[in-house]
There are 2 protein chains.
Amino acid sequence: MDLIAGLKDIVGDTQVLTGDATAPYRDDWTKKFPSDPLCVVRPATTDEVSAIVKLAAETGTPVVPASGRTGLTGGAQANGQILLSVERMNKIREIRPDARTAIVEAGVILSNLHEACEAKNLVFPLTFGAKGSAMIGGVLSTNAGGSNVVRYGSTRGLCLGLEVVLADGRVMNLMSELHKDNSGYALKDLFIGAEGTLGIITAAVMKLSPKPAAYATAMVATPTLPDALKLLNRLQIATGGAVEAFEFMPRSYIEGHLARFPDQREPFDAPHDINLMVEVGALAPRDATPGDVGSVPIVDYLEEVLAEMMEDGAVLDAVVARNEAQRREMWQRREEAAQVTTGRLPLVNCDVALPLDKVHVFLERMEQVLAELDADAQWICVSHLGDGNVHYTAYPSKKDPALQDALVEKVEDVVLSLGGSFSAEHGIGQYKKPSMARRKNPVAIDVMRTIKAALDPQNLLNPGKVLPD
Amino acid sequence: MDLIAGLKDIVGDTQVLTGDATAPYRDDWTKKFPSDPLCVVRPATTDEVSAIVKLAAETGTPVVPASGRTGLTGGAQANGQILLSVERMNKIREIRPDARTAIVEAGVILSNLHEACEAKNLVFPLTFGAKGSAMIGGVLSTNAGGSNVVRYGSTRGLCLGLEVVLADGRVMNLMSELHKDNSGYALKDLFIGAEGTLGIITAAVMKLSPKPAAYATAMVATPTLPDALKLLNRLQIATGGAVEAFEFMPRSYIEGHLARFPDQREPFDAPHDINLMVEVGALAPRDATPGDVGSVPIVDYLEEVLAEMMEDGAVLDAVVARNEAQRREMWQRREEAAQVTTGRLPLVNCDVALPLDKVHVFLERMEQVLAELDADAQWICVSHLGDGNVHYTAYPSKKDPALQDALVEKVEDVVLSLGGSFSAEHGIGQYKKPSMARRKNPVAIDVMRTIKAALDPQNLLNPGKVLPD
C-alpha cells in the first residue's frame, strides 16, 4: 500500500503535506537543523497518531514527532521521514481548579495554557522565552526547564499523568491525576525527556499552582556572584522558598541585549558586571493583598532586604518594579535571551548545570580557557542562577569547526571538573550527541540503548536522536 | 565452581550465612512473607555487590536485595535464592550543608540519616513509622512516601543521584548532585521504585531541606472531612505551602490505638469521629524565632486559625502542642499505625490513593460495600489526607480467602470509580500483583515486562515481584 495514500486515509487529504507544501515545516527556531521530510502529517486525535505509527511500523518508515520546533538541539529534524506535527491536537480538555490540574493535548501552546490557568487564578508555572510557540508535547519530550524551576521544578515534576503512542501504535494510558501512585515502574518519568525516541506523547495531566497574590520583582546588581547567592539564600529562608526566579546576566549580556534591541533601556543608571533579575511570589493573606504589585507588603519586604544588603556592601544597586509594565520590561530583557545570544555567527552554545556555588568558578576558568584557545573570541552568558544552570555562548574569531569542537570540549572539561553536567535543560537532540558519547556514564548509555532497542526494535521513532551512534 | 565458596571468596567467610544462621533474616515486619533463602550474603562495598551479582549471573542464581525488611507487600521475600543484605553498606559518606545534599549508602537506616542531618540544622524530610529499621536502599526501591510527602514529595523527588548494580554486575554511576540534568533517559527515576527487579541500588545522593525554625503541631477535630480540607487549604495558602503533615485518624483508629497501647491518652476530652494531626513548619526569621516550639509566632498563628474556624463551626476541638513532649505524643499516635492496624487477623490491607476531595466519598461507599459483603466485618483507616493516601484495613468476620479477595476487589472498584489508584506508597511486591494484573493499563504492564526482559534477560533480580505472572 502506498504510504502517502494510507496516511491520507487516516487523517484526510488536506492533512498530509508533500513537496513544496512542507516548506513551513522545514526550519526550526535555530535554522541550524533544516528538515526535508518525506511528508508532514497533522493528526487531530490520539487514534490518528496511533494509526499513523502503525502504518509507519508496517512500512518501516521513521516518524519524527514535532510540535513548536523551538528546541535548540535539533531534536525535531526530519529528513526523508514522516514529520508528525501535533499542532492540531491543541485542546485544553479540562482545567480542574479544585484538583489543581490541567488535562491538555500535546499541541497546546505553552502561553495558551498560561492564559487559561490565569483566568482561573491558577498558574502553570513553567515558562521560557519561546512560550508563545512551544507546545506541551515538546515541553514534555525535552523535560523543559526555564525561569521558574527554582520554585516549581522542571517539566517532569509538573506532570502527573501521560498518554503515549508506542512504536507499534498501541496507546499507553497513564493519565493519572494523583500525587501518589506507586503502581510499577516509573514509565511516565521515562517517556518524559526521551525526545520522542521511545514513544509519541499525545496528552498529559499537568499540575497547577495557586497564583501568587502579588509579585515583587527587581533588578539587582551585586559585587560578586557569591554575594548574589547570599541574597538568594536570604530570600529563600525568609519566604519559605517563594523565590520564583533568580536570573543572572553579566554586563556582556546587557550590552548584547541593547545592541539587538536598541529601544530597550539599561537596567541601572551605571553599568554593572553582575545583573540579577529577582522575583518573589507572595500568597494571600499573610504576605500580601491582591492588587497592584507596587502597593503590597512583599515588595516592601524585598526593598527592606535590598536596602540592608546595600548598607553591608553586598548589593550595589537595585530597582524594584513599581507596576506591571516595569515588571514586564525586566522579564522581557531576560526572555529575549535567544535572540541576543544567537544573533551572530560562528557560535558555540553550551547549556550546562553546575553546583550553585561553582558558577563563578566556571566563568573565571572559562575566561582563561577561552583566551588560551582563541585570544579574539568573545562570550555572553545568561543563567538561571537559582538552579546553577548556565547558558554559555562563545563566539570564536573565525569559522573553524575544529576550534568550535575544541571549545565545546573545554567547556565540558571545566564543567565536569566542578561536578556539573554537560546538559541542563535543552536536551540532547543531535547537537549534544558527541557530548553524550564523551561524558555520560557508558553503562548508563548502554542501558538507554537497551531500552530503546526493546521498545522500538525497528528504530523508527525519531531515530538518530539522543543516543550516541 | 561452588556458589557458596565463590560468595565467601568475595565477602569473606563470616559474611555468607547458610542454614540456621539465616534465621534472623527469615521474617519481615509483616510476618506474612517468610524467607527461606539459599544463603544470606552481606557485602560491604559496591564492588562486592557487583561481584556477587556477576557470580549469580554466571551460575543462574536469583538474587533478592533486602535492607530493613519493613516493606508491607513481600517485596524482599527470598526462597531458595541469594538474600543480599545491604546492612553493612551503612555509611553516610558526606553531608554537604551548602549544597543541601547527603551522599549515603543503601544500608543507612532512615532515622540515622535524620539525626545526622539534624546535627547540621538540616532535614531529610521523608519519615514514617518504620524509620528506625528501614534503610535507604529499600526506601528508594519502593519510592516510599510517609507523613511529610504533602510538603516535600515522595522518595523519587528527594533523590538527585543514584548508583546501581545491574543484572550483569556492571555498576551504573548516576551520582549527580545537580537539580537540572537532562542527559538522556530518566534512568534514576526508572530504577527508583523498581523494587530491586531492574538493578540493586547501592548508593544515592539525597536532597536535604533547611530545618524549620519551629513547628506548630496540633490535634484537631472537624465535623466532616470537607471541613478538614478547608483547614488544609487555608493553612497552605496562608503559609505558602508550609504544612508538613496532615494526617487523618477516624474514631475507630483512636480506639484501636488505645486498645493496643493502653497507657496512651485520648487526643481530646470527648471522642470525635474525625481526628487530624496537623503540623506546620516555620522558617526564620519572618514566621518564627528558633527556640521552644510553644513560644513562637507560628503556633499563635495556628491557634488563631483554629479559633476562627471553631467559631464558624468548621472545627469542633483542637489541642496545640505546648512543648516537644506533647508534639512527640501526637506523632507517636500516628506512627504506631502499623502496630494498631495489623494487630488482629484475618485482615485485608489496602494502600490506596484518591483525589483529596474524594476520600470521604470512598469511606462512605466502603461502609455500604463492607456491610453488603460481610455484615460483621470491621475496619480501621489512617490516612495521609494531605496526599489523598488512605491506608484502609478491613477485618472480615471469618478466615475465608475468597471473601478477602472479594473485599480487595471491591475496594479497588470503589477507588477506581473515584479516579484513584490501587497502590499509593507501599509498592507492589507480591501482595499487589493480582491488583496490578487487574487494574493497571495492560499496555503499561507490557512495557514494564519488555524493560524487565531487556535489562534482566535471565530474570535473576528479585524475580516474581512487581510484574504480574
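In the predicted model, strand β12 (residues 214-221) of chain B is joined to strand β14 (residues 274-282) of chain B by eight bridges, and the two strands run antiparallel. Strands here are DSSP runs of E with at least two residues, helices are runs of H or I with at least four residues, and both are numbered from the N terminus. Two strands are taken to pair if DSSP finds at least two bridges between them. Ala216(B) has Val280(B), in β14(B), as its bridge partner. Strands of a sheet pair through backbone hydrogen bonds, either parallel or antiparallel.

Both strands belong to an open sheet of seven strands in chain B, in the order β15-β12-β14-β13-β17-β18-β16, with antiparallel pairing. At the edges are β15 (317-320) and β16 (348-353) of chain B, each of which pairs on one side only. From one strand to the next, the twist averages 15 degrees. Angles run from 0 to 180 degrees between N-to-C directions, and axes are lines fitted to C-alpha atoms, for helices over the stretch in contact. Helix α7 (residues 225-239) of chain B lies across β12, β13 (243-250) and β14 of chain B and runs at about 170 degrees to β13(B). Helix α13 (residues 401-417) of chain B also packs on the sheet, where it touches β16 and β18 (389-395) of chain B. Contact means heavy atoms within 4.5 Å.

In chain A, helix α8 (residues 251-260) packs against helix α10 (residues 324-335) at an angle of about 100 degrees, with the axes 10 Å apart. Helix α8(A) is therefore roughly perpendicular to α10(A), a term for angles of 65 to 115 degrees; those under 35 count as roughly parallel, those over 145 as roughly antiparallel and the rest as oblique. Tyr253(A), Ile254(A) and His257(A) of α8(A) meet Gln332(A), Arg333(A) and Arg334(A) of α10(A).

Between the chains, 74 residues of chain A are in contact with 73 residues of chain B. Eight salt bridges are found across this interface, each defined as a side-chain nitrogen of Lys or Arg within 4 Å of a carboxyl oxygen of Asp or Glu. One salt bridge links Glu425(B) with Lys180(A), whose closest N and O atoms are 2.6 Å apart.

Residues are numbered from 1 along each chain as its sequence is written, and chains are lettered from A in the order in which they are written. In this predicted model, local features need pLDDT of at least 70 and side-chain atom pairs count only at pLDDT 80 or more, while totals for chains, interfaces and linings use all residues; side-chain values use heavy atoms, without hydrogens and water.
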